[in-house]
Amino acid sequence: MFGLEALDLARIQFAFTISFHILFPAITIGLASYLAVLEGLWLKTHNDTYRDLYHFWSKIFAVNFGMGVVSGLVMAYQFGTNWSRFSDFAGSVTGPLLTYEVLTAFFLEAGFLGVMLFGWNKVGRKLHFFSTVMVAIGTLISTFWILASNSWMQTPQGFEIVNGQVIPTDWLAIVFNPSFPYRLMHMATAAFVATAFFVGSSAAWHLLRGKDNPAIRTMLSMAMWMALIVAPIQAVIGDFHGLNTLEHQPAKIAAIEGHWENKGNEATPLILFGWPDMKEEKTKFAVEVPYLGSLILTHSLDKQVPALKEFPPEDRPNSTIVFWSFRVMVGLGFLMIFTGLWSLWLRKRDSLYTSRPFLYLALWMGPSGLIAILAGWFTTEIGRQPWVVYGLMRTADASSNHSFMQMSITLIMFVVVYFALFGAGLGYMMRLVRKGPKTDEGKETNEGGPGQKRTPARPLSAADDEGTDADSQRSLEKEI
């Protein structure tokens, strides 16, 4: 069907499940740190706005965390079901790394998550804040181990091969492999940026509906400060990551650039747009900027970038896909930087919360961070092909011996179940976002929790329809 084989379906299935999964950890990482900041600010300033926002976003965090755990379990099983040969070859490295993630990060998160979500009125303020911080640290530790495993597959070191299996010889070299620091910083920063635009988009939604209060304004203000500061930092990290990739995975860089061959001693141009054709071995309709490719990738005006024709056809990544996935990521990154700069200009003019053009941009930028993360992962993983462990094991040699029919049935089942289950979860989470934080301006307040007037501590009890302004919501949807 469509020229696909069982191997192709196995790759599509894993790509489908990981694409769903990565969205949840990204928001979990960012929201956990955001919650820690909110509670810390509340303890320091005693400003109830921060407490209201903590209660609001903790419910969304809980739902998101649950979906992330469930979707992650499926991926772990796929290593044994669909990629058993890879597990047999490299399991002595990837298995312990994932085990360390469970023993350090997951146990830490699980141990303090209950206190964080349900202990607001049951433990002291300092202990509750400590629990929130521990959950945030746990998400970052989880990121550490997952990225260590993935980075080792990209730039493997610290091992020897005995009887066709990888045997670890230096765990420090395995964990801190050449690409690991760049991938870790790039992914963690991407999670913070994605969360910032998610939070900012929800604030813009409420402001456009006419719901203007200190909590909503604080949401937008904090989100835009984060975008202004972190988005440019992410661009710098990406540049260093690109230089590291050029050193260790030059074929990936050539595919990303759609660069097929060097001409004499000419500097490499940057192809802004075009259509890389893998069969004809050229990039059609190319729009080039002379010298810029060399300047960006080698930081010089005379050095050349490796070209795709320097590698055998069977060792070339699919340039058609990674060329465009990379540009989607970079394009959204520049748009994020622009949004942060515009927010600063409006802030100085005291119109950050009233400029409707900006609020519409912030609203539509809500999923931009998540889309950029997906585009970046497509670039990373498809650009690694045809290797599952770079330079050591090809993807074709890593899959289990399943038939085309078996892979077709399971892929269809995954698509149906994922859209039904996680679609419902995402829909519920967006209902929580649309409700917005509850505030009691001008009235006596309490600290929320079970039996209190504020948003209940149970996430599944927080999305009733009471208090929603259906007319204003429909009016905004028509305007959009």
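The model is predicted, so local features require pLDDT of at least 70, side-chain atom pairs count only at pLDDT 80 or more, and totals for chains, interfaces and linings use all residues. Residues are numbered from 1 along each chain as its sequence is written, and side-chain values use heavy atoms, with hydrogens and water left out.

**Exercise 1.** Determine where Pro386 lies and which form the peptide bond from Gln385 to Pro386 takes.

*Solution.* Step 1: Pro386 is placed in the loop between α12 (368-384) and β5 (387-389); helices (H or I, at least four residues) and strands (E, at least two) are DSSP runs, numbered from the N terminus. Step 2: omega is near 10°, and the bond from Gln385 is cis. Step 3: for context, most peptide bonds are trans.

**Exercise 2.** Classify Glu281 and Asp350 as buried, partly exposed or exposed, and locate Glu281 and Asp350.

*Solution.* Step 1: buried means under 20% relative accessible area, exposed over 50%, and partly exposed in between (1.4 Å probe, protein chains only). Step 2: Glu281, at 25%, is partly exposed, whereas Asp350, at 71%, is exposed. Step 3: Glu281 belongs to the loop between β3 (270-277) and β4 (282-289), and Asp350 to the loop between α10 (319-348) and α11 (356-364). Step 4: phi is positive in Glu281, near 55°, and in Asp350, about 55°.

**Exercise 3.** State in which helix Leu103 is found.

*Solution.* Leu103 is located in helix α3, which spans residues 84-118.
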